[in-house]
Amino acid sequence: MTHEGSALYRILALTAVALLVGTVASLAAIAFADTVFWLNNALLISPRMRVQFGGSPYIVLAATLLAPVVGGIIVGLLIQKFSAAKRPLGPPDVIYASQMRLPLPDARSGTVSTIAAAVSIGFGASVGQYGPMVYLGSLIGSAAIKLKLQIPSISAIAMACGVAAAISTAFNAPIAGLVFAHEVILRHYSLRAFAPVTVASATGYVMANVMFDRPPLFLVEFSGVENGYEFLLFALLGIVAALIAKIYMSAILRCSRLAANLPIAAWLRPGAAGLAVGVTALWLPDVIGIGKEALRFATIEGAFTPAELALLVPAKIVLTAVCLGFGFAGGAFSPSLLIGILSGALFWNLLDGFQLFENSGIAVYAVCGMMAVTSPVIGAPLTTILIVFELTRNYDLTVGAMVAVVFSNLVAYRIFGRSLFDVQLAARGIDLSEGRDHARLAAIRVADFATSEFPSALPHECANAALDRCSPGKWNEVYVADSNGKFRGIVYRNQQIVNSDALVSEIMQPADVVFREDTDVRQAMEKFVGFVGIAAPLLSSDDRLIGIVTEADVIRAYLDTVEELRDEENASA
Amino acid sequence: MKKTLLLSSFVLAACSAPASFAEDSLVVVSWGGAYEDAQRTAILEPYAGQSGIVPSIMRHSGSLNELRDRAQAESWDVIDMQRDHAITACEQGWLLETDFRVVVSAYDGLQPEEDFVDGAFLDCSVVQNLYATVVAYDDRAYPGVKPSRINDFFDIENFPGKRALPKSPDAVLEWALLAIGVPAIQVYDLLSTDRGLRLAFRKLDEIRDSIIWWTDVSDAEKLLQDGRAAMASGFNGRFFSASHDRGAPISIVWDGRIIGYEVWAIYAKTDQEELAKEFVDFATSPAQLARLAEIIPYGPARNSAFLRIGKNSVSGTPMSDHLPNAPHHQGRAIFRDSEWYSKTASLRLRRFEDWLEGN
């Protein structure tokens, strides 16, 4: 009875949390998008406003050059002065918190990062808006911990709810929101998490559609793939897209390293990147801001010449890498949509130019390219396929894009990694490539459960006397350290001691397994393979004996973690 | 002394009303044709009956140059014009700035802001009705498959025949992008870029040799009726009058309709400011807007008027069905962005003239 009662409580509580987090996250996502839209208009970033100042070209010129620079300086000051994290926060931080069962960075840093992102995008930097929205959603979700609901893994579930609602609202795509939260953030599909995340995602959809009447983002007219062999071309496009995605992601990582080594103050770096955007935009207006006009043009035959496309793709890659690397706050997702769709359009132009094959027109290739470049960036093929479906509401287009997406992911996984987020986390020492269990075990240091109460001896002591000091049954070995504390070896009780006056130093043996302060549970388990002792010595970096770690404690930590994960992944309510 | 000009067709019983005719005269400027006829019946005659003042009617073609050049000499007072033109004219100082929220009366317990459509009150004008710029076709030209999408307007192969258009970049650029497959909601965003304009004119190239230009707004239905054009761009109300009232073989393609806003504005140098305001108040009252919509299908700008629309007194047609914003019309609709229209007028005209010259 009590068990059923508690399940009912969990269901009700989680549903309430999902509704609450979903509503707030959805409203926050709408507010974020509207702020960006308003800034884009006010600062003449959006073409629709720029064209209305056609009579005064100097105003447009000044806006193009100054807005990204001023935005960059504001962002630099915000992040450096008001954020404890001193960097923009994004999806990698959410993944990290969710996978390692840790809290997000402090709420103030998160809020500052969100404001900085709105300024970045609003002032025309070449960065995306969805990463910040994901962070904002999780920030709202993480506030649910304060409710003290006593539900296992509530923190990760509530964060996932916020993320799902934000994506659902932003793309007007509830299924993609649901799947994104699982595929990227939670990385498991337990019913306990699935149900509330679905509720939150649906809430986001209701807010976007029913309350605010947001239109679908990217309707494309497409009547179907005309030739079977085109699916092979989609696969080929997927492979090409993987290479482009790899270049894009590597460029972002490289620019971060480059920026860190430049003699420019951290708060000035985004401004410098803004200058690069402004100057480039004078010649290539399509690179500034989110570029939703360019996104549409890419699906129209003849809107871009192949030469323009060949110029725009690298320009957008470099500018986005510079903006993100130099500290603008924002995501990598929206720019990858644009880079991808332009690449897809270029692919079609080359294909159609040679007239080797009959084809179904530019739209499907553009959309395939768009999703095939984006998918490896976020490391979520399923989400990407669903986003195509929900954005375009076109089944034929989705089936084509699906093929390109999986081939792109296959190749990109081999040549780069699961996603930009995962590679960024790996650079911070959190490796999720072999699964969350590995990552979580790798985060537990054996030093945390080392004991300092163990029998020890000095090398010049009499061995028998040393062994007598430890109570038989509990300890069968004595750990030897010299007067400086340096570890020397182990004397075992069951050793044959020929000479009863033998000194410790004469009969001690080297240790089979030695741990260091940074040894984690995963490494410990590997070292314990074939180990027959009870415990292993824990040494400092200068070989001093700090303590010992028992095999039983390591195994217990391992089992606890695995069980915790299993519970989380199989929880039903 | 105010010059009063009575058109010969404007015969009113109310002419006999006692009035200090010379001082309290009012010049109302409108568009002529079926629209003006409807305004006479629905607004001007009842106004004269009620106030004893017989407004004289002048005609304009919608060009702002006429407002600049003629208004003072002809003593214009109240002008029926398009919202985007009113925005430009207001900025030029040609229209009287006034708060129309105070000018118009409240009905059915609704404050004017709640009753009128969003964005109805501008600095120098108030929205009175919604009209649609549409493509209509001569039924006789297409005995088989009829045009049903705006794409068909650009499809000379399947829908041959001359296209009648006003010599202006209005509406046709939007249609060109719709025909390329741009969603209605993004049309103005894309037309704001050089690339978008290039694409639109490239689409227009496809019908370049089949275009007949019309200059007077009533030419559109005449060209169709005479068989000189197979399709024409024009206003939904006039096409309705031609087909329903006069039996012309004209049908409307609702896809791609561009819904525009018609306003009342007062000339900046009017010497009848109070009278002009009284007239605008009367002309935008729900009863008058509903009467107008019963004669010619232009959607009233206020909700209270919608509920009062009945059948056309001649044909018995239920008029709500023919309004540009009637919910059952299929296909795509664009709401004209007046602000954008006003601010981009010279750019679009320059590009249009370049295109006319073949550049």
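**Entry 1: the helix pair in chain A**

I take helices (H or I, at least four residues) and strands (E, at least two) as DSSP runs, numbered from the N terminus. An axis is a line fitted to C-alpha atoms, for helices over the stretch in contact, and angles run from 0 to 180 degrees between N-to-C directions. This is a predicted model, where local features need pLDDT of at least 70, side-chain atom pairs count only at pLDDT 80 or more, and totals for chains, interfaces and linings use all residues. Residues are numbered from 1 along each chain as its sequence is written, while chains are lettered from A and ligands numbered from 1 in the order in which they are written.

I looked up α6 (residues 130-142) and α7 (residues 154-171) of chain A. Their axes come within 7 Å and cross at roughly 140°. The two helices are therefore oblique to each other (under 35 degrees is roughly parallel, over 145 roughly antiparallel, 65 to 115 roughly perpendicular, the rest oblique).

Next I checked who meets whom, with contact meaning C-beta atoms, placed from the backbone, within 7 Å. Y130(A), M133(A) and G137(A) are among the α6(A) residues, and A158(A), C161(A) and A170(A) among those of α7(A). The contact has 14 nonpolar, 6 polar and no charged residues (Ala, Val, Leu, Ile, Met, Phe, Trp, Tyr, Cys and Pro are nonpolar; Asp, Glu, Lys and Arg charged; the others, Gly among them, polar).

**Entry 2: the domains of chain B**

I found domain 1 (13-130 + 261-306) and domain 2 (131-260 + 337-356) in chain B; such bounds come from an automatic or database domain assignment. Their centres, taken over C-alpha atoms, are 27 Å apart. In chain B, 18 residues of domain 1 touch 16 of domain 2. On the domain 1 side, α3(B) gives the most, with 4 residues. That side divides into 9 nonpolar, 6 polar and 3 charged residues.

Notes:
Two residues are in contact if their C-beta atoms, placed from the backbone, lie within 7 Å.
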